[in-house]
Amino acid sequence: MAQGQPIFILPEGTNRLLGRDAQRTNILAGKVLAETVRTTLGPKGMDKMLVDGLGDIVVTNDGVTILKEMDIEHPAAKMLVEVAKTQEDEVGDGTTTAVIIAGELLKKSETLLDMDIHPTIIAMGYRQAAEKAQEILDEIAIEDISREMLVKVAMTAMTGKGTEKAREPLANLIVDAVQQVAGDGEVDTDHIKIEKKDGAVVEESTLIQGVIVDKEKVHPGMPSELKDAKVVLINSPLEVKETEVDAEIRITDPAQMQAFIEQEEQMVRDMVNKIADVGANVLFAQKGIDDLAQHYLAKAGIMAVRRVKKSDIDKLAKATGATVVSNLDDLAEADLGHAGSVIEKKISGDDMIFVEECQEPKAVTLLVRGSTKHIVDEIDRAVDDAIGVVAATVEDGQVVAGGGAPEIAMAKKLKEYAQSISGREQLAVTAFAESLEIVPKTLAENAGLDSIDSLVDLRAAHEKSAYMGLNVFTGDVTDMKEEGVVEPKRVKKQAIQSASEAAEMILRIDDVIASSGTSAGDMPMDPSMAGGMPPMM
């Protein structure tokens with residue numbers, strides 16, 4: 001107020017949460033989101049059915065897919081969705097773990113805030129704990145990138161994701177694919193194409209030493225199968241080019257018209273002749289192919305496919321060794337790629353081109369099969385996760401035991417480390433250690449076991465070995481390294497780093513200003529509204 005006149009800084013309709021209200025609402029949103037995905041964790045986790053506005057259904061227990069499909073509105077909850085997306089982009093797995101750790105860190109911070117510990121102190125303690133946790137992970141990591149270990153990593157990633165009966169054959173296909181495209185200690189997973197088709201059992205999934213293009217040949221007169229194929233890739237249209245500038249051609253004699261048409265035909269024929277002269281018998285064009293060109297290509301016995309995606313053209317180049325050509329005038333025999341077989345097959349009612357038997361291809365295709373669309377979609381997500389973790393293991397060369405073993409090991413050592421810290425940060429480090437135990441606790445709960453008994457048994461077992469984890473199928477605490485339940489160290493490292501940073505950022509917010517008309521504008525001014533649950537969807 002100035003001399004009795006109100007001064008408006010924010011526009012009418014703006015919602016604002018201050019101090020503890022802002023913190024509690026944000027913490028509550030994070031906790032609710034973590035609880036939503038928590039039941040999906042582990043081999044005995046349950047699935048979620050997500051239905052969009054059009055009635056399309058997604059059935060999955062993949063954390064990042066659930067969070068992407070949910071129409072989340074709360075700004076703090078959106079920050080946790082970003083944690084899951086980052087986890088997926090960096091390592092391909094561990095998204096649910098990252099979110100539930102972040103949710104538990106926020107839950108523990110609530111207790112510390114009630115003790116009048118400043119949010120900055122909590123954030124500082126969490127940061128120290130996260131750095132120490134990374135060091136502990138380095139200590140307990142197992143260095144092994146043998147094929148046997150890579151298969152175990154892939155099988156662990158796929159456990160509980162709808163691929164149970166075909167885990168081992170799929171894991172072997174995935175390891176073959178990753179090793180095929182690996183080079184100089186790096187794996188570009190973009191060169192592994194996943195092509196999914198329903199209508200068959202998952203055991204019929206295969207690895208193609210080459211590329212499957214989801215297109216059909218452009219002319220029925222073209223061959224459907226070619227052995228010892230010589231492949232040409234072009235990213236320009238196979239048709240008469242239009243002039244760069246507006247032009248007008250005046251024809252005064254019917255003979256001139258005929259000559260004009262014949263000249264156009266000759267231009268198209270010359271293009272096809274250039275392709276045939278270098279010995280090519282398979283053509284993949286990124287753009288269109290003229291009807292006349294299709295006719296001449298068919299006459300020359302060349303199989304042609306048009307409007308192939310750029311990503312597929314790049315993979316074909318990697319698989320066959322072909323050079324992508326922009327101008328046919330520059331086409332030479334050296335630009336050709338080679339494949340042992342190019343064949344058009346009908347899979348699940350769709351014609352597809354299989355470019356197979358390539359020599360040492362640097363791009364391969366996994367043909368994933370499933371009995372229905374929803375099943376094959378879920379298998380596709382599981383395979384995608386497994387490719388990510390195998391690639392991470394090949395690059396880093398380090399794995400950790402699964403079954404909650406690394407979380408218990410980190411929690412144990414962090415509690416010891418907390419004793420060496422003076423000041424209130426000690427309480428935050430202890431809270432961080434307890435938060436990590438949410439992973440084995442959730443694994444036990446989802447398997448129908450007593451979570452307290454399981455935690456007590458795990459803590460006792462870790463006095464002897466850092467590899468002791470929870471076998472959710474038997475309910476016993478066993479050596480996860482011997483059981484073959486292993487995950488890349490990078491999955492745990494990224495999950496802890498992302499979760500702690502997100503929790504720190506949310507804790508440091510003491511003022512939420514949401515303009516009218518934004519989704520955040522629907523936030524309750526008081527956390528007690530809506531039963532204490534802010535709207536997320």
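**Exercise 1.** Which side chains meet in a salt bridge at 3.2 Å, N to O?

*Solution.* Start with the ground rules. This is a predicted model, in which local features need pLDDT of at least 70 and side-chain atom pairs count only at pLDDT 80 or more, while totals for chains, interfaces and linings use all residues. Residues are numbered from 1 along each chain as its sequence is written, and side-chain values use heavy atoms, leaving out hydrogens and water.

Next, the term. A salt bridge needs a side-chain nitrogen of Lys or Arg within 4 Å of a carboxyl oxygen of Asp or Glu. The partners asked for are Lys-373 and Asp-377.

Now place them. They are four residues apart in helix α11 (residues 373-396), so about one helical turn separates them. Helices are DSSP runs of H or I with at least four residues, strands are runs of E with at least two, and both are numbered from the N terminus.

Last, check exposure. Buried means under 20% relative accessible area, exposed means over 50%, and partly exposed lies in between (1.4 Å probe, protein chains only). Lys-373 is exposed, because its relative accessible area is 52%. Asp-377 counts as buried, because its value is 13%.

**Exercise 2.** Find the salt bridge partner of Glu-148 and describe both ends.

*Solution.* The partner is Lys-152, with the closest N and O atoms 3.6 Å apart. Both residues sit in helix α6 (residues 147-158), four residues apart, so the separation is about one helical turn. Glu-148 has 55% relative accessibility, so Glu-148 counts as exposed. Lys-152 has 23%, so Lys-152 is partly exposed.

**Exercise 3.** How many salt bridges does the rule give?

*Solution.* The count comes to 33 salt bridges. Another example joins Asp-228 to Lys-230, at 3.8 Å from N to O. Lys-230 is partly exposed, with a relative accessible area of 25%. Salt bridges can also be followed through a network here: Arg-24, Lys-31, Glu-110 and Asp-114 are linked in this way.

**Exercise 4.** Why is the pair of Tyr-126 and Phe-432 edge-to-face?

*Solution.* A pair of aromatic rings is described by the distance of the centres and the angle of the planes. Rings of Phe, Tyr and Trp (its six-membered ring) pair if their centres lie within 6.5 Å; planes under 30 degrees apart are stacked, over 60 edge-to-face, and the rest tilted. The count comes to one aromatic pair. In Tyr-126 and Phe-432 the ring centres are 5.8 Å apart and the planes are at 65°, so the pair is edge-to-face. This pair links distant parts of the chain, 306 residues apart: Tyr-126 is in helix α5 (residues 119-140) and Phe-432 in helix α13 (residues 425-436). Both residues are buried.

**Exercise 5.** Is Val-213 buried or exposed?

*Solution.* Val-213 belongs to strand β9 (residues 211-213). Its relative accessible area is 0%, so Val-213 is buried. Lys-193 is 20 residues from Val-213 along the chain, and their C-alpha atoms are separated by 9.9 Å.
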